[in-house]
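Visitor: I have a structure open and would like to go through some of its contacts. Can we start with the aromatic rings and then move on to the helices?

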Amino acid sequence: MNYDPSSEIRQITIILVISLTFGLLTGTLAWTLVVSLSGYLIWNLRQLFRLYDWLKQEKLSDPPASHGLWGSTFDHIYQLQQRQLKYRARLKKVIKRFRDSTFALKDGFVMLDDQGNIDWWNPAAEKMLGLRSPIDSNQLITNLIRHPKFKGYFENENHERPLVIPSPLNNDIILEYQITRFGKQDQLIVVRDITELKQLEKVRTDFVANVSHELRTPLTVIDGYLETMSDNREMLAPPWHKPLDQMTEQTRRMSNLINDLLLLSRIESRDNQGRHTPVDMGATIHSIRNDLSSNLEEKQQTLEIILLSNKQLLGPKEQVYSLVSNLASNASKYSEQSAHIVISWLDTTTGAQLRVEDNGIGIPAMDIPRLTERFYRVDRGRAQAIKGTGLGLAIVKHILVNLDGTLEIESKVGIGSTFICNFPSHRLQSTKQKAS
């Protein structure tokens, strides 16, 4: 019903005019006004009580019959109730579809409030985490998942990377946790069983390691004989000199490939995760420059070292050395004659940063996301000439995972490349004096 406010004013005006006229004619003006206004007030109070009685009913019913302002009010409230019922019905359908879909998923879902208390979970989460209803409802999640790494991950603001730890029910089951924030600081934890995936990764890693070990022995024998033949090459006919050099070169390339595969296998298995020591980055970078001195001199390249941080990096020393060495070696390999390379170690607001910059050939933007894949080549023809193993950046990526670091790559073809390794503050340790 569309109500016109002016009609209510007309009604009041008519009541006042009639009351004034009757009161003047009878000489009882005051009493007539009191009785008229009291009657109008009593009628409005009656409508208000009817509204109250109607609204407090548990079941929705038709609005009370009335007219004027009250009739319009009853009708509008009734329409709002009807819309709310339709909205609630749609919301129930959405919630039911959401619950049915999450109940059918193999991944676990746990909803938390802004304090970290459990609001809801699906059957998969109940099975993987051992949650019990209704006992565990409104319980703090860290009281139920007591793994120290989970507590640190949960309290950390950065949840870009998932957490992988054993199940609280069975150490043989490996779970992956991913936390997402939504609403008013509420949180959703997605739990995934990756036991089978981890087993497949272990099989692959073990296979590569075993094959590499098996190949190392015959290659060592072949390399020994080739070295002996090279030392006595004057005894060989000249036509054999070139094949001997090629066999020696390819054997050493294969040995380097096997060494890189074994190193990558050790890094993936995290054999050295318990031997974290403070690594002096300044001394490490200077040592690597000395190791590359012959290559730098051969290509007439310069390597500049900038040390703006006194922080030491906590991690396996051999892995940190391999990380910097691979980046510096790549910068030299993929830069032209007289190139300038800069290795920087500096502080950031969140930790520290290792930067390796060159003004080399650069990398096309489409190839950057795939650079850390095993054996990926940007330019296969040029890569064959450089004679790399194709595993350097894969090793870098896995070392950074072990060191909780991240890799950023900036590059423009013909201008150069910058490899940026970011390390969080908990992986750093200060020294009294700045490294030189």
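**Rings and helices**

Guide: This is a predicted model. Trp345 is buried, and Phe423 is buried too.

Visitor: How many aromatic pairs does a search of the whole structure find?

Guide: The search finds five aromatic pairs. One of them joins Trp345 and Phe423: the ring centres are 6.0 Å apart and the planes stand at 55°, so this pair is tilted.

Visitor: Which strands do Trp345 and Phe423 lie in?

Guide: Trp345 is in strand β9 (residues 340-347) and Phe423 is in strand β12 (residues 416-424), so the pair ties together parts 78 residues apart in sequence.

Visitor: Which residues form an aromatic cluster?

Guide: Trp54, Trp70 and Phe74 form one.

Visitor: Helices now. At what angle do α11 and α13 pack?

Guide: At about 145°, with the axes of α11 (residues 317-333) and α13 (residues 392-402) 9 Å apart. Their crossing is left-handed.

Visitor: What classes of residue are in the contact of α11 with α13?

Guide: There are seven nonpolar and six polar residues, and no charged ones. Leu323 and Leu327 are among those from α11, and Ile395 and Val396 among those from α13.

Visitor: And how do α9 and α11 pack?

Guide: Helix α9 (residues 281-291) packs against α11 at about 45°, with the axes 10 Å apart. The two are therefore oblique to each other.

Visitor: Is the crossing of α9 and α11 left-handed or right-handed?

Guide: Right-handed. The residues in contact include Met281 and Asp291 of α9 and Tyr321 of α11. By class, this contact of α9 with α11 has seven nonpolar, three polar and one charged residues.

Terms used
Residues numbered from 1 in each chain as written. Predicted model: local features only at pLDDT ≥ 70, side-chain atom pairs only at ≥ 80, totals over all residues. Heavy atoms only, no water. Phe/Tyr/Trp six-rings, centres within 6.5 Å; stacked < 30°, edge-to-face > 60°. Helix = DSSP H or I, 4+ residues; strand = E, 2+ residues; numbered from the N terminus. Buried < 20%, exposed > 50% of the residue type's maximum accessible area, 1.4 Å probe, protein only. Axes fitted to C-alpha atoms, helices over the stretch in contact; angles between N-to-C directions. Left-handed = near helix turned anticlockwise from the far one by under 90°. Contact = heavy atoms within 4.5 Å. Nonpolar A, V, L, I, M, F, W, Y, C, P; charged D, E, K, R; others polar. Parallel < 35°, antiparallel > 145°, perpendicular 65-115°, else oblique.
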